[in-house]
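Please look over the model shown below. This report then walks through it piece by piece.

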Amino acid sequence: MAKVKTTFFCQNCGAQYPKWQGQCSSCKEWNTLVEEIVQKEDKKGWKTTDTSSKRTAKPLKIKEIDGSQEMRMSSGGMEFDRVLGGGIVPGSVILLGGEPGIGKSTLLLQIALHLPFKTLYVSGEESQKQIKMRAERIFPDSEQCYILTETKTQNIYKQIEGIEPDILIIDSIQTLHTDYIESSAGSISQIRECTSELIKFAKETGTPVILIGHITKDGHIAGPKILEHMVDTVLQFEGDRNHVYRILRSLKNRFGSTAELGIYEMLGKGLREVSNPSEILISKTEEDLSGTAIAATLEGMRPLMIEVQALVSTAVYGTPQRTTTGYNVKRLNMLLAVLEKRAGFRLGAKDVFLNITGGISIDEPAIDMAVVAAILSSNEDIAIEKDICFAAEIGLAGEIRPVQRVEQRILEAEKLGFSTIFVSKLNKIAIKNPKINIRKVSKIEDVVGYLFG
């Protein structure tokens, strides 16, 4: 009998050690090393007979390599295709992560049911009857979607050879296990080995593989960090379960931009794509309320009009509070310091609460002017007109700095019926005969004088 081989893996970062130690040398975490049994066989992979060794890759000059673009496969959803960069690339491996119950399985099952290609949906978490109940709510008439409940990779590959699907969906990678590793499903070594087998299958057959991954309590995808390095695309499905809107972001994409954003609305019949997110991110109230301002921002190539809400009140306790939702609290503190130093507003002894409506997070500096306008509106208790929006960054000297692709923001504001947009004086605008009033400003004092003068 062969000697059982064991090794120690860090459950936080996936580093491997020959013996136990208290602290992981890689991520510096304590007591995260766990012993796992590792027993690899000589033959491994997605096929029992490995023929890849017969074909040897030959080096080619870069000008000899075929540079023609490979046709992408449409998923049937504009939002999903946009985030991927135009569709699913044949042979790619996509990892989708998100909070439990956020709708990862619903999203991929909905895509599988609407795809015109032969799709194999492998679930290790739900039975076929459970998936059937959900499919009847979404799209019960699919002829191309096959459901398999299996967790052993060798059995999955046998079914793949019989069905020969065009797309493979795994729900989830943490439930799979292979015979080549003698450890429990979900362990570091099992996740790494199962993923490498699926990547080998995807690259050799040209079949796209979409994996669902669990996340830790810190919000990171569970398993070794190498999992995110191995796959081609990493997607994050996020949102508040108390809200109906969900956001699909790209954290890594070898075939497109990582700045694109997809927005969905959770309904009883599945996820509905939101084609015009600006309308859902701006609250429709008839009365004028102080402390709100509209910002023209960009997510990837998509312009968004978002509503910024601020509340300024006298601090009850000695230290004033600075609380934000969907915005960086350090940047808020910087803008408050600029207002106090450059514009003369005494906000050091007041509580400031800031909220980006719709449950989304914005990091773009182009909403600085809208944040400042909302804070001053709440402080002065004077409402800003609903048809005014802002698109500019604010520097430490109190100057209004230009932002990129300002023309796209102006056209979006014009399309949604805004009458005035505040931009930096340094922005070069080539739009002829705009229907919207473009107000160029250079300092915070100019904005304050127009809004509250």
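How far apart should the ends of helix H9 be at 1.5 Å a residue, and what does the model give? Helix H9 covers residues 368–380, 13 residues in total, and should span 18 Å. The expected span is 1.5 Å times one less than the number of residues. The end C-alpha atoms of H9 are 18 Å apart, so the two values agree. Helices (H or I, at least four residues) and strands (E, at least two) are DSSP runs, numbered from the N terminus.

**Reading the model**

This is a predicted model, in which local features need pLDDT of at least 70, side-chain atom pairs count only at pLDDT 80 or more, and totals for chains, interfaces and linings use all residues. Residues are numbered from 1 along each chain as its sequence is written, and side-chain values use heavy atoms, with hydrogens and water left out.

The score pLDDT is the predictor's confidence in each residue, from 0 to 100. The protein chain averages 86, and 93% of the residues score at least 70. Among the elements, strand E18 (residues 393–394) has the highest mean pLDDT, 95. Helix H7 (residues 277–281) has the lowest, 74. Over residues 48–54, pLDDT stays under 50. The model has 5 contacts beyond four places in sequence for that stretch. Contact means heavy atoms within 4.5 Å. Where pLDDT is low, the predicted coordinates should not be read in detail.

**The whole chain**

The protein chain has 453 residues, of which 47% count as buried. Buried means under 20% relative accessible area, exposed over 50%, and partly exposed in between (1.4 Å probe, protein chains only). The chain holds 11 helices and 21 strands. Its C-alpha atoms fill a box of roughly 85 × 55 × 55 Å, taken along the principal axes. Among contacts between residues at least 6 apart in sequence, 66% join residues at least 24 apart.

Among the buried ones are Met369, Val371 and Ile375. After the helix comes Asp381, with a positive phi near 55 degrees.

Strands of a sheet pair through backbone hydrogen bonds, either parallel or antiparallel. Here, 7 strands form an open sheet with mixed pairing, in the order E15-E16-E14-E13-E17-E20-E21. Strands E15 (322–325) and E21 (437–441) stand at the edges with a single partner strand each, so one side of each has no neighbour in the sheet. From one strand to the next, the twist averages 25 degrees. Two strands count as paired if DSSP finds at least two bridges between them. Strands E17 (residues 388–390) and E20 (residues 420–424) run parallel and are joined by 3 bridges. Within this pair, Cys389 stands opposite Ile421 in E20.

H9 lies across E13, E14, E16, E17, E20 and E21, and runs at about 30 degrees to E14. Axes are lines fitted to C-alpha atoms, for helices over the stretch in contact, and angles run from 0 to 180 degrees between N-to-C directions.

**The cores**

A nonpolar core is a set of buried Ala, Val, Leu, Ile, Met, Phe, Trp, Tyr and Cys residues joined through side-chain atoms within 4.5 Å. The largest one has 47 residues. Ile306, Val371, Ile375, Phe390 and Leu451 have the most contacts inside it. H9 gives this core its largest share, 8 residues. A second, separate core has 29 residues, including Met73 and Ile138.

E5 pairs with strand E6 (residues 145–149) in the parallel sense, over 5 bridges. The bridge partner of Leu120 in E6 is Tyr146.

| Residue | Relative accessible area | Contacts |
|---|---|---|
| Gly124 | 30%, partly exposed | Glu150, Thr151, Asp171, Ser172, Thr175 |

Thr106 sits in helix H2 (residues 104–114). Gly124 is in the loop between E5 and helix H3 (128–138).
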